[in-house]
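Here are my notes on the model, point by point. Please read them with the structure open.

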Amino acid sequence: MTATNGGPTGARQDTVAAVVRQWQAVHPDIDTAPIEIIGRINRCAALLQQAEDAPLRRAGLSRPEFDLLGALRRTGQELTPSELARETFSSGAAVTKRLKLLTERGLVERRGDSRDRRVAHLRLTDAGRELVDGTLPEQLAYETTVLSGLAPKGQHELASLLGELLAQLEGRLGALRV
C-alpha cells in the first residue's frame with residue numbers, strides 16, 4: 001500500500017518525498033527506500049543547524065561550543081582536547097579553535113600535565129559552569145518545542161529507532177576508523 005506521494009504508507013509530503021519521486025521517475029528499477037530515511041535524517045539535521053538554537057544564540061554560544069562546555073559539565077572531570085573531540089564527534093582542529101575562544105571568554109581553563117607538557121587538561125571555570133547550568137533548561141525547553149509536533153509515543157519510537165541506528169553505525173564505522 002502506498003501513500004499519496006508514491007512512497008510507503010505513512011510517508012508525508014516533504015522535500016525528500018519529492019526527491020524520491022524524481023529518482024523513481026528516472027530509475028524506476030532502483031530501490032530508493034534508503035533515501036527516505038537517510039535523506040530525511042540529513043535534511044532534519046541541516047534544518048536544525050540552520051535554526052541556530054535561540055537559547056544558545058542568546059548565551060553567545062554556537063551548538064558546537066555548547067557541546068564542548070556540556071561535555072566538561074556532564075562528565076564532571078577534566079578532559080584533554082582529544083577526549084573532548086571524541087565526546088563531541090569533532091575534529092581536533094575544530095576543538096582547538098573552539099577551546100581558544102571559550103578560554104578567552106573565561107569559560108574554560110587549561111592546566112598543563114605535570115608529566116607531559118604537550119598535554120592540556122581542561123575544565124570549566126565557575127562562569128562556564130554557571131553558563132551551562134543556566135542555559136541547559138532553556139535549551140531543553142526550546143528543543144521540546146521543536147519536537148512538540150510529534151506525539152510523545154512518536155518521539156519515544158523515533159528516539160528508539162535512531163538509537164538503534166546510531167549504535168549500529170558507531171559499532172560498524174567505529175571499527176573502520178581504528
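1. In which segment does Asp14 lie? Asp14 sits in the segment before α1. This is a predicted model, and the points below should be read with that in mind. Asp14 has 28% relative accessibility, so the residue counts as partly exposed. Along the chain, Asp14 and Arg40 are 26 residues apart. Their C-alpha atoms are separated by 9.0 Å.

2. Now the overall layout. The protein has eight helices and two strands. The order along the sequence is α-α-α-α-α-α-β-β-α-α. The protein has 178 residues, and 24% of them are buried. Take the contacts between residues at least 6 apart in sequence: 47% of them join residues at least 24 apart. The accessible surface comes to about 12,300 Å². Carbon and sulfur atoms account for 58% of that surface.

3. Next, the helix pairs. Two packed helices are described by the angle between their axes and the distance between the axes. The pairs below are given in those terms.

4. How do α1 and α2 pack, and at what angle? Helix α1 covers residues 15–26 and helix α2 residues 33–50. They pack at an angle of about 140 degrees, and their axes are 9 Å apart. That angle makes α1 oblique to α2. Their crossing is right-handed. From α1, the contact uses Thr15, Val16, Ala17, Val19, Val20 and Trp23. From α2 come Ile35, Glu36, Gly39, Arg40 and Arg43. By class, the residues of this contact are six nonpolar, two polar and three charged.

5. Helix α4 (residues 63–75) packs with helix α7 (residues 126–147). The angle is about 120 degrees, with the axes 10 Å apart. The two helices are therefore oblique to each other. α4 passes α7 in a left-handed crossing. Arg63, Phe66, Leu69, Gly70 and Arg73 make the contact on the α4 side. On the α7 side are Arg129, Leu131, Val132, Asp133, Thr135, Leu136, Gln139 and Glu143. The residues of this contact divide into five nonpolar, three polar and five charged.

6. The axes of α5 and α6 come within 9 Å and cross at roughly 110 degrees. α5 and α6 are therefore roughly perpendicular to each other. Pro81, Leu84, Ala85 and Thr88 of α5 meet Gly92, Val95 and Leu99 of α6. This contact has five nonpolar, two polar and no charged residues.

7. Most residues other than glycine have a negative phi. Phe89 lies in the loop between α5 (81–88) and α6 (92–104). At 67% relative accessibility, Phe89 counts as exposed.

8. Is His121 buried or exposed? His121 is found in strand β2, residues 120–124. Its relative accessibility is 17%, and the cut-off for buried is under 20%, so His121 counts as buried. Leaving out residues up to four places away in sequence, His121 touches Glu78, Leu79 and Thr80, and also Glu109, Arg110, Arg111, Gly112 and Asp113.

How values were computed: Residues numbered from 1 in each chain as written. Predicted model: local features only at pLDDT ≥ 70, side-chain atom pairs only at ≥ 80, totals over all residues. Heavy atoms only, no water. Helix = DSSP H or I, 4+ residues; strand = E, 2+ residues; numbered from the N terminus. Buried < 20%, exposed > 50% of the residue type's maximum accessible area, 1.4 Å probe, protein only. Contact = heavy atoms within 4.5 Å. Areas by Shrake-Rupley, 256 points an atom, 1.4 Å probe, with all protein chains shown as cover. Axes fitted to C-alpha atoms, helices over the stretch in contact; angles between N-to-C directions. Parallel < 35°, antiparallel > 145°, perpendicular 65-115°, else oblique. Left-handed = near helix turned anticlockwise from the far one by under 90°. Nonpolar A, V, L, I, M, F, W, Y, C, P; charged D, E, K, R; others polar.
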